[in-house]
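Here are my notes on this one, written for someone meeting a protein model for the first time. Have the structure open beside you and go through the points in order.

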Amino acid sequence: PAYSAEHTLVMHHMELEGMTTPVRVGDVTNFDNRSDMTHNLCVTYSDGTVDNLDTQVSGRQRKLTLRVAGPAVIKCWIHPIIRLEMEIAQGNAPAAP
């Protein structure tokens with residue numbers, strides 16, 4: 001059976017925190033805006049496709065299922081200085097016995 005993990009990425013003002021464990025295609029990422037500002041995060045995958053999380057006001061959370069293996073960049077369209085690079089592994093890990 002397929003396995004997917006859930007990860008949380010927290011926005012504090014102008015920085016991203018989290019994603020300290022490896023991520024895989026099919027994992028769900030919860031984007032939690034704990035900043036006092038509005039953000040608009042997007043994930044750009046290695047094949048050029050983009051998942052846009054739309055406007056995210058303070059206190060709002062959005063979830064996204066990671067879709068493409070390889071290097072990816074998370075950034076804010078409103079504040080381009082906010083940026084996080086990550087590697088997404090192919091496929092899902094098998095469920096633990």
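1. Start at Y45, whose bridge partner in β8 is A72. β5 and β8 run antiparallel, and five bridges join them. Strands here are DSSP runs of E with at least two residues, numbered from the N terminus, and two strands count as paired if DSSP finds at least two bridges between them.

2. A word on what you're looking at: this is a predicted model, where local features need pLDDT of at least 70 and side-chain atom pairs count only at pLDDT 80 or more, while totals for chains, interfaces and linings use all residues. Residues are numbered from 1 along each chain as its sequence is written, and side-chain values use heavy atoms, with hydrogens and water left out.

3. Now zoom out to the sheet. What is the order of its five strands? Reading across, you get β3-β9-β8-β5-β6, an open sheet with mixed pairing. β3 (23-24) and β6 (50-52) are the edge strands, each pairing on one side only. In general, strands of a sheet pair through backbone hydrogen bonds, either parallel or antiparallel.

4. Next, the largest nonpolar core, which has 20 residues. Such a core is a set of buried Ala, Val, Leu, Ile, Met, Phe, Trp, Tyr and Cys residues joined through side-chain atoms within 4.5 Å; buried means under 20% relative accessible area, exposed over 50%, and partly exposed in between, using a 1.4 Å probe and protein chains only. F31, L41, Y45, I74, M86 and I88 touch the most other members. β1 (6-12), β5 (41-45), β8 (70-76) and β9 (83-89) each give two or more residues to this core.

5. Click on I74 and see who's around. Setting aside neighbours within four places in sequence, its contacts (heavy atoms within 4.5 Å) include L9, L16, F31, L41 and M86.

6. Finally, the charged pairs. There are four salt bridges, counting a side-chain nitrogen of Lys or Arg within 4 Å of a carboxyl oxygen of Asp or Glu. One of them joins E6 and K63, with the closest N and O atoms 3.1 Å apart. E6 sits in β1 and K63 in β7 (residues 61-65), so this pair ties together parts that are 57 residues apart in sequence.

7. Another salt bridge links D32 and R34 (2.8 Å, N to O). Buried or exposed: which is D32? D32 counts as buried, at 7% relative accessibility, whereas R34 is exposed, at 53%.

Note on methods: Helices (H or I, at least four residues) and strands (E, at least two) are DSSP runs, numbered from the N terminus.
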